[in-house]
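Student: I'd like to learn how to read a structure. Could you take me through one?

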Amino acid sequence: MHAPGHPASGGRTLRTTSIATARRVAVPLLGSAALAVSGLLAALPAQAAGHGVAWTRTCAVDLTPGHAFCNALHVTSSAEHVNAKGVTPNATPSGYGPSDLLSAYNLPANGGAGQTVAIVDAYNDPNAAADLATYRSQYGLPACTTASGCLKIVGETGTSKLPRSNSGWAGEISLDLDMVSAVAPNAHIILVEATSASMTDLGKSVNTAVSLGATEVSNSYGGSESSADTSYDSTYFNHPGIPITVSSGDGGYGVEYPAASPNVTAVGGTSLSKASNTRGWSESVWSTSSTEGAGSGCSAYEPKPSWQTDSGCSKRTVADVSAVADPATGVAVYQTYGASGWSVYGGTSVAAPLIAGVYADAGAHTASVPAKNLYANTASLNDVTTGSTASCSPAYLCTAETGYDGPTGLGTPNGLTAFTG
């Protein structure tokens, strides 16, 4: 039996990819220097290779136990097809939009009615409501405003007192709001803004979301595992019957928390492309390099849930399910606080709110831990069988295989059956 995989304890990297040459180029942040310069990471651009796609993390990386960072990657090199600001009628922004995502995952066009999806992020985006209105108007989605009651924005205790603004996390907030809107346009949305990116503040925000009536909760962040995680499980993530989606991380092979919690649906990432097959789309594991791609592996602390039966991890295995995350096949997002309007985003922060929206499309939930239903309905998912993030043992923890594998879990949505019940 192999030793359980653990997240890298050294530096994080900024990555670029060249579509034309498929070359991978890295600019590393070495060892403990990662923490020392983490505050700069949100501002440092990736160095493009040739005419490829370049991106940067929107949030500073903080590997301190008990802290988290968002898993959003902002593409900095996309050529925009619409006016930078506002709505451009009869035009399509760069990146996949709602119709693409609904087509790729066989989802209904008017999903989410009767459901309330909560988005938990750190800090405040002062332009969140206005930017969401622009995104929804651009794509002809029904309005969702604070005035109508469709959108609610609160601080971590559920009041109107919001935390300080942060332009890095604002990108994450815009991404999350837009992905839920794209997939579940008739759902109500609650944005809960934690006071900080500590696990306690984010966890309290999850509890607040549920207390306010959330039927699904999306979390597009993660941090290093710690021995405190099992106590966080019971304190913050124990909400039977409510799907709690969590991004698996953008660091390739290695596990983040709270994706490792057995109480949540851990969401990995794929590269999504249009294809001439019957589905019209193809997917492979998202991987830029051995240290950037869909997070996966064995938890160091979390017990294995009864519904997870893979043999390579004695404890919890990440991920459960997946969706598009590759910045080179990224999604359209509208953000004006910390960005200049229409942008393209990637990272497993795309996948987590997308899957939360799929759960909302599926309606009321009866399973105590909704992730369990995925394992009972594998035939209703798109199995991802190509690509890898690294070389590991057993290979399925970082390489796509028929059936379950680490980076993509059981696969990606193919309708709602696997998310129902």
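**Reading a buried leucine, some bonds and some gaps**

Tutor: Let's start with Leu 374: apart from neighbours within four places in sequence, it is in contact (heavy atoms within 4.5 Å) with Thr 265, Asp 320, Val 321, Tyr 359, Leu 381, Leu 410, Ala 418 and Phe 419. Keep in mind that this is a predicted model, where local features need pLDDT of at least 70, side-chain atom pairs count only at pLDDT 80 or more, and totals for chains, interfaces and linings use all residues. Residues are numbered from 1 along each chain as its sequence is written, and side-chain values use heavy atoms, with hydrogens and water left out.

Student: Is Leu 374 buried or exposed?

Tutor: Buried means under 20% relative accessible area, exposed over 50%, and partly exposed in between, using a 1.4 Å probe and protein chains only. Leu 374 has a relative accessible area of 0%, so it is buried. Leu 374 sits in helix H8, residues 371-376 (helices are DSSP runs of H or I with at least four residues, strands are E runs with at least two, both numbered from the N terminus). Val 321 is 53 residues from Leu 374 along the chain, yet their C-alpha atoms are separated by 7.8 Å.

Student: How many disulfides does the structure hold?

Tutor: A disulfide is a covalent bond between the sulfur atoms of two cysteines. Here the test is a pair of cysteine sulfur atoms within 2.5 Å, and the structure holds four. One of them joins Cys 59 and Cys 70, with sulfur atoms 1.9 Å apart. Cys 59 is in the loop between strands S3 (53-57) and S4 (69-70), and Cys 70 is in S4, so the pair ties together parts 11 residues apart in sequence.

Student: What lines the largest cavity?

Tutor: Rolling a probe the size of a water molecule over the atoms shows where empty space is left. On a 1 Å grid over the protein atoms alone, a cavity is a set of points where a 1.4 Å probe fits but cannot get out, and lining residues have an atom within 4 Å of a point. Among the residues lining the largest cavity are Gly 66, His 67, Met 199 and Tyr 257.

Key. On a 1 Å grid over the protein atoms alone, a cavity is a set of points where a 1.4 Å probe fits but cannot get out, and a pocket is an open set with protein on both sides within 12 Å along at least five of seven lines; lining residues have an atom within 4 Å of a point.
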